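User: I have a structure open and would like to go through it. Can you take my questions as they come?

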Amino acid sequence: MAASWVSPPTRTELIEDLVSGVDRYNPSNLSILEDYLYHQIRSQEYDCLANLAILKLYQFNPDLYNPDIVINILTKALTASPLPDFNLCISLLDERPINATLDEPDPLPSLLPTLKRLNDLLYKCRFPAFWEYYQSDELENLRDNYTVECVGFEDAVREVAIRAVKATFTRISADRLASYLDLNGSELTEFVEKKGWKMEENVIVIPPNPDNQIEATVVQENIKLAQLTKVIAHSAGN
Amino acid sequence: MAQPRVALWATEADDMDEDLQDMSLGNYGQNGQYDDTLFQQPQIDEATLMAMQQHMAQQAAFAQIPDVVKGFIVHFHQAVLENNLPEITVAYESGWNKYTEKFYARTEWPEAEVIAPLVNDDPIFLILYRELYYRHVYSRLQPNIDDRFHSYENSCELFNYLLNSEGPVQLELPEQWLWDIIDEFIYQFQVFCTWRSKVKSKTDDELTMLADGGPVWSSYSVLNVLYSLIQKSKINEYINAHQAGKTPEEIAEVVGEFGVRPLYRHLGYFSIIGLLRVHVLLGDFTLALKVMENVELNQKSPYTRVTACTVATYYYVGFCYIMLRRYPDAIRTFVSILNWIMRMRQYHTRSYQYDQISKTADRMYALFAICNALSPSRLDDNIANISKERYGEQFMKMARGGEDAAPAFKELFLYACPKFINANAPPYDDSAAIHALLDQPSPDPSSTEFGESFADPAHRHLSLLLSEALAQTSVPTLRSFLKLYTSLGAKKLANFLDADEEEMVQQLMVMKQASRSVTHVPGGKGLLDGQTATTSDLNFVINENMVHIAESTVGRRYAGWFIKNTERTQRLYDDLKNQPLAVASKTENTPTAAVSVESKVARSATPKVAWGAVKA
């Protein structure tokens, strides 16, 4: 994982101590981490390891479990695709007995299959299907109660699509890109301009990057000096 | 023999009278008559009576211990008292197993209380003895709930003694045993959690005991032990100082009075590996790699001496990489340990843990097959071939994609994955909730909540791997078509595949995604660190509706072969040059000398050739 995933530049020292030290197991630090999650949601920041630390505390202390926090964490993790963040979160969601301490019914069991399906669509790069499902009536609850709180959620999904497009295309038709980003004509033009990309007759040119430059190469052998030390040392000895 | 036992029974604080003690010393086993008279004394209260009965049962048990075993225990105790590592190692690795085979293959070893007279009631030795006693119960017999609780208590006593004595304890134990202590502690935790999660098979007694169990084998208590050992030993500081090239004096300064003692240092290191394992069992793959931050994975590490530890380390690290979708890193990890196991085979076939090691190796070949199907690599043909020999059929199905792939992934994953656990017990302390679970007709207590796959944590992790694998299921077919072209219209490709063009374009994006992976780079700090790299030799790009393809090839590698043979020839030449010349007058000796030269050269050269062949 890139260094910014292991330790995002926006992470404060306090959070760093919690994430990297044994204090991460202390339930009394939970509220600090939960506040940090809400900060991430408001400020379009993201810190996977800190959020996993919350799930770890829930795993060990089922009585602290807060389904809204879990759903927010999963929503944030969705937009990290194709990194495995969403699955890493799911791995920590242990089987839990029906929680009698909650005042309201637990929303997670009914939303979890939905979130998993959204994740699956993103991971399979089925962006038009993602938007269709996301905007369906069925998902009204998720939109109205959760993703609306998550500032820039839809743009973050667009970034997932952009990552896939940038790696795969040198030029892409405007219609296709519009369907991936769920943007109409003028919105798309604005979006493309903001990226600084060029549009030529309904085709968008994706700037060169390490993934959309292809070249047939023959990988030649590289001999390092270290491999030859014995041979050279022997010659010197004689 | 009699004298020490006097002292020991005298220290017992129960109210047995003097006669009884004397009797216990000399005449164990032949004392029925004497005891009868005692029993008939009417004024003995019930507690005393029970104590006596227990005492007699112990005597009877003691009498049944074969003399060689008694001798072994006395000797073993002596070796521990003297911190005599070679003798302890012999007793631990060979003696214990020998007498297990001979006398206790199907029964427990004598209880610690029974053999206590042989070891002066030495509390520390008795804790160590119980450690072995319970380990034997877990590995050969079926532990009952008392065994499970008591083995936990015994482990706690041991760790309390090590961690909470005033200053470091003077005890020394072989590295192998120290590893086994940590390894067994986690193993017993894991089997307890698995056993605990099966609500339906519990008797009423067991339900009561589990309800009152409290912190017994709780995740917090297990983590607490491991973190405490790591902190007490300052092992991370030790590793960092060591890597920074500090002198032994400087290191001693850094690690303090506990860390300088090998016992604590080893336990600290093994606890890091233990944490890696516990985090994996609990499904926390990032944290598992994070605790390994300071550990350098290379085979020069001093801990490769404990083979089982090295093998476990690589197995769990490799598995974490799979769950982090870092297949190239997983492959690299498995290849390096599987080659090492192969090279070391001649040494560890003798190890009493050989079976365990080869089982883990076999599971790694299965995991290797999974990784290689998801991210084909040519890192090591030798390991790939062995993996294909063992799992060829499954590999073909996984690598081909399509609908046969999922069952093959499932089969190999469930065979080779760690024994995952749930962090928490079913609600035994809440009798209403537990009875609700017991009354459910389904064998799976939470099927109504999270779906069937959530009951068994292994299935939860499997479903994640499967969703990943199934997302890539069209990649092998696409790849086989793209390989035939340098450019190709998307529509034409879609026609070949009998697929919708737009859907196929989306699959191509998946294919592109699957050919990139975060990979560890040399010099990167920690196992989580890495950079995105290309993992496929087939690259392509889409220009509007035209797919352009480029394939990279690897030129033949000659250098390794030439370097190896040059070195070999140099050695041969040196050997020849250093041979004394045959003296002319002793012509008849010349052939012998020549033969000996030849055989010597052959000897020194042989292993090199074998290694070369392995790598080529």
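User: What is the radius of gyration of chain A, and what would a compact globule of 238 residues have?
Analyst: This is a predicted model. In it, chain A has a radius of gyration of 23 Å, but a compact globule of 238 residues would have one near 18 Å.

User: And what box do the C-alpha atoms of chain A fill?
Analyst: Along the principal axes, the box is roughly 85 × 60 × 30 Å.

User: How many helices and strands are in chain A?
Analyst: Chain A holds 13 helices and four strands.

User: What percentage of chain A is buried?
Analyst: Of the 238 residues in chain A, 38% are buried. As for contacts in chain A with a separation of 6 or more, 65% are between residues 24 or more positions apart.

User: New topic. How many residues of chain A are in contact with chain B?
Analyst: 54 residues of chain A are in contact with 59 residues of chain B.

User: Which parts of chain A supply that side?
Analyst: Several elements each give at least two residues, including helix H4 (48–60), helix H7 (108–123), helix H10 (153–168), strand E1 (169–173) and strand E4 (218–219).

User: How many residues on that side are nonpolar, polar or charged?
Analyst: The side of chain A that touches chain B has 32 nonpolar, eleven polar and eleven charged residues.

User: Back to E4(A). Which strand of chain B is joined to it?
Analyst: Strand E6 of chain B, residues 553–554, is joined to E4(A) by two bridges, and the two strands run parallel.

User: Which residue in E6(B) is the bridge partner of Val218(A)?
Analyst: The partner of Val218(A) there is Thr553(B).

Technical notes. Residues are numbered from 1 along each chain as its sequence is written. Chains are lettered from A and ligands numbered from 1 in the order in which they are written. This is a predicted model: local features need pLDDT of at least 70, side-chain atom pairs count only at pLDDT 80 or more; totals for chains, interfaces and linings use all residues. The radius of gyration is taken over C-alpha atoms; the globule rule is 2.2 Å times the number of residues to the power 0.38. A residue is buried if 20 or more other C-beta atoms lie within 10 Å of its own, exposed if 12 or fewer, and partly exposed in between; C-beta atoms are placed from the backbone. Two residues are in contact if their C-beta atoms, placed from the backbone, lie within 7 Å. Ala, Val, Leu, Ile, Met, Phe, Trp, Tyr, Cys and Pro count as nonpolar, Asp, Glu, Lys and Arg as charged, and the others, Gly among them, as polar. Two strands pair if DSSP finds at least two bridges between them.
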